[in-house]
Amino acid sequence: MFVPKQINRETERLFTKLERVGWGKSDCTLIAPLTLEINLLKRKKNAIILAHSYQTPDIMYGVADFLGDSYALSMRARETKANTIVFSSVHFMAETAKILNPKKTVLVPAVAGCSLAESITTYDVRGLKKAYPNAGVVCYINTTANVKAECDAVCTSGNALKIIERMPQKEIIFLPDEFMAKNLQPLTRKKLIGWKGRCIVHEEFSPKTVKEIRKEYPNAKILAHSECSPAVIHEADMMGSTKQMLDYVDASKNEEFMLVTECGLSDRVRVEKPGKKIVGSCALCPYMKKIMLKDILECLKSPRPEQIITLPNDIIKKAKKSLDLMIKLSK
Ligand code: CIZ
Ligand code: SF4
């Protein structure tokens, strides 16, 4: 379908970015027909591809129009003029795009869950509300649309503290991330009522690993995601969201960093900030990494029913209220 000249040009384009994360030229040549076809189809169908920072580098630098965290990508989804949004990430983020821009076709390349989103049901939220009738209910964006519809406000890891502080209630049911609630509690005078959800990726990091890296690289700054355990946060130089970590790396004069989070973020630093060095280890999210270029191509060509996000109108309406409150309070 593509002539050798097109393949060569695409190989060079991909290689300039992907060589920084260890890809060879022959690897780039292998995926060049795929990225060319996806980018062609994208223009033909007036689609945009939004990719989370935890996606693989071939997706992030080969076909994505925008890279970011769930908040930034949700804002792109809300504003886009494109007909179709391909959300290269886990299911709850694609649902969020549909809630914020329901007239668009929202496609998710692979059906990928999230251990946090799966840790709580609407039934559980109703139980918590009954047990704490005076509390405000703030849910992390890593929840299903149904759970968002049961809450007062949504938050992301980047704006969680701000949202908690700006809610009118003194007591806040903060769900579903047990560690995030414990990490935020010392930073606020409000009483946080948590849930037992955990991110299977971030809970794997141990304070011992962080200590070892600090010994090996005494000059490295160690940045940990707020989904990590409080013991890991205690060993880190900074706690934050993926965007806050990238901003920290930008603002810091340091050269070496360990990013205690999913590997996609370290890949972003390697590709986008060549003056900075990543040390230590990261972790792969089996849900995020389920999505491959071929899935993006398939859903753009002819989406299967499970790749098309559909939500009942009443859920869209109620969940939108919670998301709108986050947008208002985080300004
Ligand atoms: O909000 C997001 O995108 C997630 C899942 C993490 C983060 O800190 O950005
Ligand atoms: Fe969910 Fe954790 Fe994977 Fe993020 S990294 S999608 S919170 S399991």
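Figure 1. An oxygen atom of ligand 1 sits 2.5 Å from an N or O atom in the side chain of H225. Taken alone, the ligand exposes 270 Å², and the protein buries 98% of that. Everything shown here and in the other views comes from a predicted model, so please read the distances as values computed from that model. If you are setting up a selection around the ligand, the surrounding residues are H52, D69, S70, M93, N142, S157, H225, S241 and T242.

**Figure 2. The domains of the protein.** Let us step back for a moment to see how the chain is divided. The domain assignment gives domain 1 as residues 4-112 plus 288-307, domain 2 as 117-198 and domain 3 as 202-278. Between domain 1 and domain 3, the C-alpha centres lie 26 Å apart. To their contact, domain 1 brings 13 residues and domain 3 brings 14 residues.

**Figure 3. The sheet with strand order 6-5-7-8.** Here we meet an open sheet of four strands, paired in parallel and ordered 6-5-7-8. Strand 6 (153-155) and strand 8 (191-193) form the edges, each pairing on one side only. From one strand to the next, the twist averages 30 degrees. Helix 6 (residues 122-131) packs on this sheet, where it touches strand 5 (136-140) and strand 7. The direction of helix 6 makes about 165 degrees with that of strand 7. Look next at strand 7 (residues 171-175), which runs parallel to strand 8 and is joined to it by three bridges. One pair to pick out is E171 with its bridge partner K191 in strand 8.

**Figure 4. The sheet with strand order 10-9-11-12.** This view shows an open sheet of four strands with parallel pairing, in the order 10-9-11-12. Strand 10 (238-240) and strand 12 (277-278) each have a single partner strand, so one side of each is left without a neighbour in the sheet. Three bridges connect strand 9 (residues 221-225) with strand 10, and the two run parallel. Within this part of the sheet, L223 stands opposite M238 in strand 10. Helix 12 (residues 242-251) packs on the sheet and touches strand 9, strand 10 and strand 11 (256-260). Between the directions of helix 12 and strand 9 the angle is about 165 degrees.

Figure 5. Two loops are worth a visit if you like to check torsions. Most residues other than glycine have a negative phi, and most peptide bonds are trans. The bond joining L175 and P176, however, is a cis peptide bond, with omega of about 0 degrees. You will find P176 in the loop between strand 7 and helix 9 (178-184). N46 is not a glycine, yet its phi is positive, at about 50 degrees. This residue, N46, lies in the loop between helix 2 (25-44) and strand 1 (47-52).

Notes: Residues are numbered from 1 along each chain as its sequence is written. Chains are lettered from A and ligands numbered from 1 in the order in which they are written. This is a predicted model: local features need pLDDT of at least 70, side-chain atom pairs count only at pLDDT 80 or more; totals for chains, interfaces and linings use all residues. Side-chain values use heavy atoms; hydrogens and water are left out. Two strands pair if DSSP finds at least two bridges between them. Axes are lines fitted to C-alpha atoms, for helices over the stretch in contact, and angles run from 0 to 180 degrees between N-to-C directions. Contact means heavy atoms within 4.5 Å. A residue is near a molecule or strand if one of its heavy atoms lies within 4 Å of it. A polar contact is a pair of N or O atoms within 3.5 Å; within protein, one must be able to donate a hydrogen and the other to accept it, and residues adjacent in sequence count only if both atoms are side-chain atoms. Accessible areas come from the Shrake-Rupley method with a 1.4 Å probe; for residues, only the protein chains shown count as cover. Domain bounds come from an automatic or database domain assignment.
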